[in-house]
There are 4 protein chains.
Amino acid sequence: MAQLGENRWGKSEIRVSKLHRDETRDDFFDVTVQVLLQGDVGAAHVAGDNQAVLPTDTMKNTVYAMAQEHLGPDLEGFAGVLGAWFLDRPGVDAAIVNVAGRLWQRVSDSGFLGGGSERRTAKVAVGPGEAGTWAGVDGLVVLKTRGSAFSGFPRDEFTLLPETDDRVLATSITADWRYDPVPMDTTAAWESARQTLIERFFEDRSASMQHQGWLMAEAVLSAVPEMAEITLHLPNQHHLAVDLTRFGMTDHGVVFQPVSEPYGDIGLTVER
Amino acid sequence: MAQLGENRWGKSEIRVSKLHRDETRDDFFDVTVQVLLQGDVGAAHVAGDNQAVLPTDTMKNTVYAMAQEHLGPDLEGFAGVLGAWFLDRPGVDAAIVNVAGRLWQRVSDSGFLGGGSERRTAKVAVGPGEAGTWAGVDGLVVLKTRGSAFSGFPRDEFTLLPETDDRVLATSITADWRYDPVPMDTTAAWESARQTLIERFFEDRSASMQHQGWLMAEAVLSAVPEMAEITLHLPNQHHLAVDLTRFGMTDHGVVFQPVSEPYGDIGLTVER
Amino acid sequence: MAQLGENRWGKSEIRVSKLHRDETRDDFFDVTVQVLLQGDVGAAHVAGDNQAVLPTDTMKNTVYAMAQEHLGPDLEGFAGVLGAWFLDRPGVDAAIVNVAGRLWQRVSDSGFLGGGSERRTAKVAVGPGEAGTWAGVDGLVVLKTRGSAFSGFPRDEFTLLPETDDRVLATSITADWRYDPVPMDTTAAWESARQTLIERFFEDRSASMQHQGWLMAEAVLSAVPEMAEITLHLPNQHHLAVDLTRFGMTDHGVVFQPVSEPYGDIGLTVER
Amino acid sequence: MAQLGENRWGKSEIRVSKLHRDETRDDFFDVTVQVLLQGDVGAAHVAGDNQAVLPTDTMKNTVYAMAQEHLGPDLEGFAGVLGAWFLDRPGVDAAIVNVAGRLWQRVSDSGFLGGGSERRTAKVAVGPGEAGTWAGVDGLVVLKTRGSAFSGFPRDEFTLLPETDDRVLATSITADWRYDPVPMDTTAAWESARQTLIERFFEDRSASMQHQGWLMAEAVLSAVPEMAEITLHLPNQHHLAVDLTRFGMTDHGVVFQPVSEPYGDIGLTVER
């Protein structure tokens, strides 16, 4: 005779970010939340009776909803608010809330570096084919909370995207450039190129990721005279607005769901 | 003076699946699509003029919309329909459509094995603490297109989930069970346990993942007499319905967006 | 005043495989092992005294050494042998041994399919550039225990590799082929191409991965008349022989360490 | 009649690092190299004749050997030396060398932060079970080139590891600590804990990873009075010495092969 032992249900990998806008300076909080509940759900297991089973989809929505007011630098505080809320649901006896915050590094009032897996790259090709020397960077993760628009695009029957003149823009830059000639100090040249890419991303207003890429490429070609051409790959790491009005709340437009897939896939080469 | 060279824009990692219902037998097509376009978008790069930039969000929606009629075993055909559609958009000169189909292996009229990374696991602990022998499986991916419901759950202000008596249910089973005593033939015992897990997943109607887990655990405890207890971890790999009515289409309820995150996180132990 | 609480030390992700040769039929056992020990190691933590700390490198070597005699279908038995061994080391009070076995699917007496993440791929390109229709497969993992040699290669001061006329050969096939014309039944054509790739990999004796690739490509071009050309990417997933003579043992040449990186990177295109 | 088209062979994901010791200040260069060659290897494909096929194992060894003299901040220079070397091999017509350098951030004369995926974590558990508030960090990657020994350990027939009083020590710290009481300013407490972990890792000489963990845990308990206990998980990310004497070279002991698997798996809890 089988008996139900320990059990829990919950939602894992709930990604949510929140923008805090000040007069001139923004904060950006970016976390992944896990909610695990225990409670009076024996009948759900044994008899398929769901009356005590808070849906995990509701847990996700609750995290989004609570983020608007409660997500900030105090991650333990946010976890505590969520824990207390879920413990208060009928039939819930215990709750565990895990919050993991990504460490965005501030670069400007509205610009952040995502760090992580960034690498400096180099390529040398010798022989009769396409010979030369390339340098580059991959995994250079950047996010800005101001200065990015996307509007004036064509619409057809499958277009739902609203126009926006102010959005969160994030990408993981891969850049590869060909040198001709190779600079004397390749490290100084690389640092200059990288610094220019970052500055232009954060300082220029752009009308699209394509426009952003062009502005960056044009500036870096000016900054590094030995660069003959540059190719940028700029995956658009979308931050989808969460519509809180569905929960009867006032939506301040500050809660986002970052998504890994699908992503906008933008690539361009700019030549001297 | 910088000049725009080769460039393209598109959408990558668009996951879409389609259910084809016959009288008694279902087919399930599960693909990841990439769309890459080239065209007359110099002004978008240089001047921020987006009038020729078909949004990548529209590309995604187009893939969902076209999937209802055109996604099937002929992946090249589906890619061709998409390619022709995008080539026909104003300002688009060339299109590349990549489609990668996951190879679900049919087990029954409505049941499929996802194969892949499945592993047989074993654990032995010796010493004064919790000693014993465990066996298990991880990465056992299963999906069924019939026999799964979720309704009768509590609702609060954050609940949007509709009730359903028929949904696509998919998970990657991790199971660990303790033997007492250890069977003479551990391979035969493991095969019996695995086979029972698969059969019960596909054959039993369930009212929730919790219910499904209980039914599987109860059956496997019966099938393998040396099993003292079993713990199941059943992440709910959601297949979100795509609402095609937003595109002015009739929605036949057969197009889904599989999502990796967040996921429902269900765990239970069942003892003899 | 700080006090040491619960602690353990061990080795994780120890990959080891073993070939069992019969007259005509081979078995191949492929596992990942984790060893975790507890014991009398307070002085190691607090005072840096390592006299009771069995090195994790020794744990790894022990797993390799024991695999020659004890690794087989009974994973629990292998874990038990290891657990008993480690419990018997001076200062060790408890041991946990986890073993996860990869499920290679037998195709022939010496051929196995690794399953997993295999996908069928399709690509359509339209427009003025390189237009056409491609099909393919990725993640098709194959391993054979006979019929692969590598000898007669040039040697220089950095060459240590011994010549061999019989090795374990494993790869994850990525194949892409262009159709001209596109076959009426793309699924039948794909199945024929895939089946031919698998058969040739397992049945042909090859002198290198390059040779193996050529033989496969030539055969698949014959089997599918609509195929104009095929490109194969064949990463060589090395299985390094573990030298057991270092432990004073007789080495039967059947224990291997599979490594993920680096890997041999072979690519070729074959045209009609 | 099949014809060989474009083809290349090479080695991917060759990881190599090099330590540059100055009087008091070390540099650490850490790269992943890919070598791809083209040449006169038609007979290898078609007829299994390997006389022009430089083994990919030799390519790997060449990268290790060249790293001792040539790996430094100028990645393009290192790639160029390798490219020229391979182009000079008999039968090789063209070579591509890709080098990707990991960006270790200097913290001290011999200490580096690996950045990347670091996250701040928080956990709240409410209900009748183990209730409380935890904070932590995961993915805090640190590497030091001085101040780490491992000697005096027990030896048995499977022990090959040499004793060392100076090794490269690297880990990705996961720390979780319980607060009692919860500090008023959780962010300040977290920053203090993280800073102390980093400082102790780099400044304390340790006799093992266990000893290193104890020293870090003890210090952080002192630094943060609200911390009741802390659990550290310290995977030992091994840097294996490459033996260059096998190539007839003088080995300066500065070239290492970083390996992902297997890894030493160290965990400890320290209580107040």
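Two residues are in contact here if their C-beta atoms, placed from the backbone, lie within 7 Å, and the model discussed is a predicted one.

Q: Which element of chain B gives the most residues to the side that touches chain A?
A: In this predicted model, 73 residues of chain B are in contact with 73 residues of chain A. The elements of chain B that each supply at least two residues to that side include α2 (56–70), α5 (209–223) and β9 (227–236). By residue type, the side of chain B that touches chain A divides into 30 nonpolar, 26 polar and 17 charged residues. The element that gives the most to this side, with 13 residues, is β1(B).

Q: Which residue of β1(B) is the bridge partner of A:Leu268?
A: Strand β12 of chain A, residues 263–271, runs antiparallel to β1(B), and eight bridges join the two strands. For A:Leu268, the bridge partner in β1(B) is B:Asn7.

Q: How many residues of domain 2 of chain A are in contact with domain 1 of chain A?
A: Chain A is divided into domain 1, residues 9–102, and domain 2, residues 106–271, and the C-alpha centres of these domains lie 32 Å apart. On the side of domain 1 of chain A that touches domain 2 of chain A, the elements giving two or more residues are β1, β2 and α2 of chain A. Domain 1 of chain A takes part with 15 residues, and the number in contact with them from domain 2 of chain A is 18.

Definitions and conventions:
Residues numbered from 1 in each chain as written. Chains lettered and ligands numbered in written order. Predicted model: local features only at pLDDT ≥ 70, side-chain atom pairs only at ≥ 80, totals over all residues. Helix = DSSP H or I, 4+ residues; strand = E, 2+ residues; numbered from the N terminus. Nonpolar A, V, L, I, M, F, W, Y, C, P; charged D, E, K, R; others polar. Pairing = 2+ DSSP bridges. Domains from an automatic or database assignment.
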